[in-house]
Amino acid sequence: MRRDYTERGELLEEQLAADWHTQFGAWFADAAAYGLPEPNAMMVSTATPEGRPSSRTVLLKEYDERGFVFFTNYGSRKGGELSVNPYASLVFPWFPMQRQVLVTGAVERVTRAETEEYFASRPRGSQLGAWASPQSRVLPDRAAVEAGLAAVAERFGDGPVPAPPHWGGFRVLPETVEFWQGRSSRLHDRLRFRRTPEGSWILERLAP
C-alpha cells in the first residue's frame, strides 16, 4: 500500500503567495481543475471541554481573508462541541494531487443574515432536510427520518422554507494554515502561515 510521492513536484518558499488566502485560492482552483470530486470537502475536527475529539467531513461553502465557513445544525455533535470549546481544525485531503491544506483556529458563528442568504440558495430538499433532521440524535429507524421529512413538507407546502433557528454557519478563524506537498522518501514540503499574537502573519517551514 505504500506509495512514493514523486509526481507533483515541490513547494518552495518563493513559489508561495504573499498571504494564506491567496495561496489557498490558487490550490483550490487547481483541485477543481484537476477534477477532484467535491474539492470543497474538508475534515472538521472538534473536541469536548475534556479534550475528547471527533471528526467528520463537511463542505466548505465560502472563504476569504477572515476564514473558512461551513453550515450545520447547531444542535449537532459538532455544533454542541463548538459552543463550549470554540476551536477546530480542518484538513483538505487532496490526495490524488499529493497535497493537503491543514488549518487550526478559533471558531465563531456567522451572522444570521449570512445564514439566511446561504440557506435561501440551497435546493428545496436540503432546506426541508435541515428542518426534518435532529442531527446527531439517536433515532429508532429510517422511517423516523422519512416521517420527519413528510411532516415538514406538509408544514411548508409550496411556500418558502426559512432557515431554521437551530441551523447556521460557523467560521473558522485561522491561526495557522499549512500547505503540504508530497515529496519522495516522505521528505514532504510543509509551509505554514502562522498568525502572531500581534496579528501579523509569518511563514515557517516545518520538518516533514
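Which residues does F24 touch, not counting residues up to four places away in sequence? In this predicted model, F24 touches L60, Y63, F68, F92, W94, V101 and F179, where contact means heavy atoms within 4.5 Å. Residues are numbered from 1 along each chain as its sequence is written. Local features need pLDDT of at least 70, side-chain atom pairs count only at pLDDT 80 or more, totals for chains, interfaces and linings use all residues, and side-chain values use heavy atoms, with hydrogens and water left out.

F24 belongs to the largest nonpolar core, which has 29 residues. A nonpolar core is a set of buried Ala, Val, Leu, Ile, Met, Phe, Trp, Tyr and Cys residues joined through side-chain atoms within 4.5 Å. Buried means under 20% relative accessible area, exposed over 50%, and partly exposed in between (1.4 Å probe, protein chains only). F24, V101 and F179 have the most contacts inside this core. At least two of its residues come from each of α1, β1 (41–47), β4, β5 (87–94), β6 (99–109), β7 and β8 (189–195). Helices (H or I, at least four residues) and strands (E, at least two) are DSSP runs, numbered from the N terminus. Another core, of 13 residues, lies apart from it and includes V69, F119, L128 and V161.

Helix α1 has 15 residues. Its buried residues are W20, Q23, F24, G25, W27 and A31. G35 follows α1 and has a positive phi, near 90 degrees.

In helix α3 (residues 112–120), E114, T115, Y118 and F119 are buried. They lie on the same side of α3, because they cover an arc of only 130 degrees around the axis, taken from the directions from the helix axis to the C-beta atoms. A113, E117 and A120 are exposed on the other side. The buried residues of α3 pack against β3 (62–64), β4 (67–73), α4 (124–132) and β7 (167–181).

The structure holds 14 salt bridges, each a side-chain nitrogen of Lys or Arg within 4 Å of a carboxyl oxygen of Asp or Glu. One of them joins R99 and D30 (3.0 Å, N to O). R99 lies in strand β6 and D30 in helix α1, so the pair ties together parts that are 69 residues apart in sequence. R99 is buried, at 11% relative accessible area, whereas D30 is partly exposed, at 35%. D189 and R205 form another (2.9 Å, N to O). This pair links strand β8 with strand β9 (residues 201–205). Salt bridges that share partners also join D64, R66, E108, E114 and R171 into one network.

Methods
Expected span 1.5 Å × (residues − 1).
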